[in-house]
Amino acid sequence: MDCIFCKIINKEIPSKIIYEDDNILIFEDINPQAPFHALAIPKIHVPTVLELKAEHSNYLFKAFETISKVMKEKGYSEDGFRVVLNTNRAAGQTVFHIHFHVLAGRLLMWPPG
Ligand code: 5GP
Ligand code: ZN
C-alpha cells in the first residue's frame, strides 16, 4: 500500500518518534506549525474519519489517552494545546491515513485559517 504513514509505522520511512505502542504512533510533523507539532496515528490504515467504524473505537480511545499522557509529560497540559483532524480537500488533508495533529507551545488563534 502506498501510504507514507503506513511506511512510517513500518519504519520504511524514518521519523522522530515521540511515543509508540502496539496501537498508536506519535511522531514529529516534518513541517511544524507550532513549537510542538506532532501527529498521532492509529497503527491501522483508515483513510479519513468518514471510513471509521465501531471496530476502530479502541484506537480512537488509545490515541486520545496517549495524546493526553504525552502532553502532560511534556508540560503542555496546563497552558493547553490543540488537536486537529483534517478531512478531505477543503480542510487541506494531504495524507489519507487518519491522523491527529497535536499543536502546542504558542497561542493558537481561533478560528483557525
Ligand atoms: P494533513 O494535511 O493531511 O492534515 O497533514 C499531513 C501532515 O503530515 C502535514 O502536516 C505534513 O507536514 C506531515 N507529513 C507529510 N509527510 C511527512 C513525512 O514524511 N514525515 C513526517 N514526519 N510528517 C509528514
Ligand atoms: Zn496508511
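Helix 1 contributes three residues to the shell around ligand 1, the most of any element. The structure is a predicted model, in which local features need pLDDT of at least 70 and side-chain atom pairs count only at pLDDT 80 or more, while totals for chains, interfaces and linings use all residues. Residues are numbered from 1 along each chain as its sequence is written, chains are lettered from A and ligands numbered from 1 in the order in which they are written, and side-chain values use heavy atoms, with hydrogens and water left out.

**View 1. The shell around ligand 1.** Among the 16 residues around ligand 1, those that come nearest are Asp 29, Gly 92, Thr 94, His 99 and His 101. A residue is near a molecule or strand if one of its heavy atoms lies within 4 Å of it. At least two shell residues come from each of helix 1 (4-9) and strand 2 (24-28). Helices (H or I, at least four residues) and strands (E, at least two) are DSSP runs, numbered from the N terminus. By residue type, the shell holds seven nonpolar, seven polar and two charged residues. Here Ala, Val, Leu, Ile, Met, Phe, Trp, Tyr, Cys and Pro count as nonpolar, Asp, Glu, Lys and Arg as charged, and the others, Gly among them, as polar.

**View 2. The pocket of ligand 1.** Ligand 1 takes up the space of the largest pocket. On a 1 Å grid over the protein atoms alone, a pocket is an open set of points where a 1.4 Å probe fits, with protein on both sides within 12 Å along at least five of seven lines. A molecule sits in a pocket if more than half of its atoms lie within 2 Å of its grid points.

**View 3. Polar contacts of ligand 1.** A polar contact is a pair of N or O atoms within 3.5 Å. One oxygen atom of ligand 1 lies 2.5 Å from a polar side-chain atom of Asp 29. For His 99, a polar side-chain atom is 2.9 Å from an oxygen atom of the ligand.

View 4. Gln 93 counts as buried because its relative accessible area is 8% (buried means under 20%, exposed over 50%, partly exposed in between, with a 1.4 Å probe and protein chains only). The C-alpha atom of Gln 93 is 8.9 Å from that of Thr 48, 45 residues apart along the chain. Asn 88 is also placed between strand 4 and strand 5, and is partly exposed at 33% relative accessibility. Its phi is positive, about 65°, although Asn 88 is not a glycine.

View 5. Ile 9 lies in helix 1 and is buried, with a relative accessible area of 14%. Lys 11 sits in the loop between helix 1 and strand 1 and is partly exposed at 47% relative accessibility. Phi of Lys 11 is near 65°, a positive value in a residue other than glycine. Glu 12 lies in the loop between helix 1 and strand 1 and is exposed, at 54% relative accessibility.

**View 6. The peptide bond from Trp 110 to Pro 111.** This bond is cis, with omega near 0°. Pro 111 is placed in the segment after strand 5. Most peptide bonds are trans, and most residues other than glycine have a negative phi.

Methods. Polar contact = N/O pair within 3.5 Å; in protein donor to acceptor, adjacent residues only side chain to side chain. 1 Å grid on protein atoms, 1.4 Å probe; cavity = no way out; pocket = protein on both sides within 12 Å on 5 of 7 lines; lining within 4 Å.
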